[in-house]
Amino acid sequence: MKIGFIVDGEAEYRSLPPLLRQIERESQHVLLNPLLAKLQPLAHVSRIVAAVAPAIKILRGKQAQKVIILIDRENREVCSGAWAAEITNALAAKYGSVAFGVVIKNSCFENWLVADTRVFTKLPKRFSLSDTAIRKIQPNKADRIDAQKLIKEAARGNAYHKVTDAMRIMAEAEIMSIAANSRSFRRFLRMLDHPRYRDQSRNPG
């Protein structure tokens, strides 16, 4: 199956391709590089559905059979599973020619960026992640922290930059290390039929 991705931020758009290539090596699917859409996480579902229309048109042209939407939960007071299902159903009703999946990043992309704590030892000139910070992330706690604050505090020299630093981190990250500490990332792997998480994503494999 050919799977396309629509993301809500430039950091994801620029930094996810290396991770997708890792997943692809363990997958039976062809994973297209992500497309960027002007998604507002706090917008009504109807506005989210409308915002992805141009990207869906492009992915249809690339013969994508499934499209996965990645969107931040941020501070929205909602069950992530219920919200994802609501968006998925609305997408299917509007653009029924392909299958859809929605992954809610909990609470934002930075929670995935910090989940593989070993990355920061590979980038010592750019980041210094304290033992206290590591204990907040692992085991399996990356989705529960203020990841933006943590990564800003860990940055050395220049202030944290959402795009260039995301690219640095994801170029070094390992999918299984991220999955060990982020349930929302495990859900992402489950939607891609990763063999470790094909049956469940609640607990680390």
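Reply: Two strands pair if DSSP finds at least two bridges between them. Strands (E, at least two residues) and helices (H or I, at least four residues) are DSSP runs, numbered from the N terminus. This is a predicted model, in which local features need pLDDT of at least 70 and side-chain atom pairs count only at pLDDT 80 or more, while totals for chains, interfaces and linings use all residues. Residues are numbered from 1 along each chain as its sequence is written, and side-chain values use heavy atoms, with hydrogens and water left out.

Me: Which residue in β4 stands opposite Ile3?

Reply: Strand β1 covers residues 2-7, and strand β4 covers residues 66-72. Four bridges join the two in the parallel sense. In β4, the residue opposite Ile3 is Lys66.

Me: Which residue in β3 stands opposite Ile6?

Reply: β1 also has two bridges to strand β2 (residues 30-31), again parallel, with Lys2 and Val30 as bridge partners. Its pairing with strand β3 (residues 35-36) is parallel too, over two bridges. In β3, Ile6 faces Leu35.

Me: How many residues of β1 are buried?

Reply: Buried means under 20% relative accessible area, exposed over 50%, and partly exposed in between (1.4 Å probe, protein chains only). β1 is mostly covered, and of its six residues the number buried is five.

Me: Is Glu12 buried or exposed?

Reply: Glu12 lies in helix α1. Apart from neighbours within four places in sequence, Glu12 is in contact (heavy atoms within 4.5 Å) with Val7, Pro17, Pro34, Asp72, Lys105 and Phe109. Because its relative accessibility is 4%, Glu12 counts as buried.

Me: At roughly what angle do the axes of α1 and α9 cross?

Reply: Axes are lines fitted to C-alpha atoms, for helices over the stretch in contact, and angles run from 0 to 180 degrees between N-to-C directions. The axes of α1 (residues 10-25) and α9 (residues 162-172) come within 8 Å, and they cross at roughly 10 degrees.

Me: Which exposed residues does α8 carry on the face turned away from its buried side?

Reply: Helix α8 (residues 147-154) has the buried residues Ala147, Leu150, Ile151 and Ala154. Seen down the axis, these fall within an arc of 90 degrees (taken from the directions from the helix axis to the C-beta atoms), so they line one face of the helix. They pack against α5 (109-113), α6 (119-122), α7 (131-137) and α9. The face turned away carries Lys149 and Glu153.
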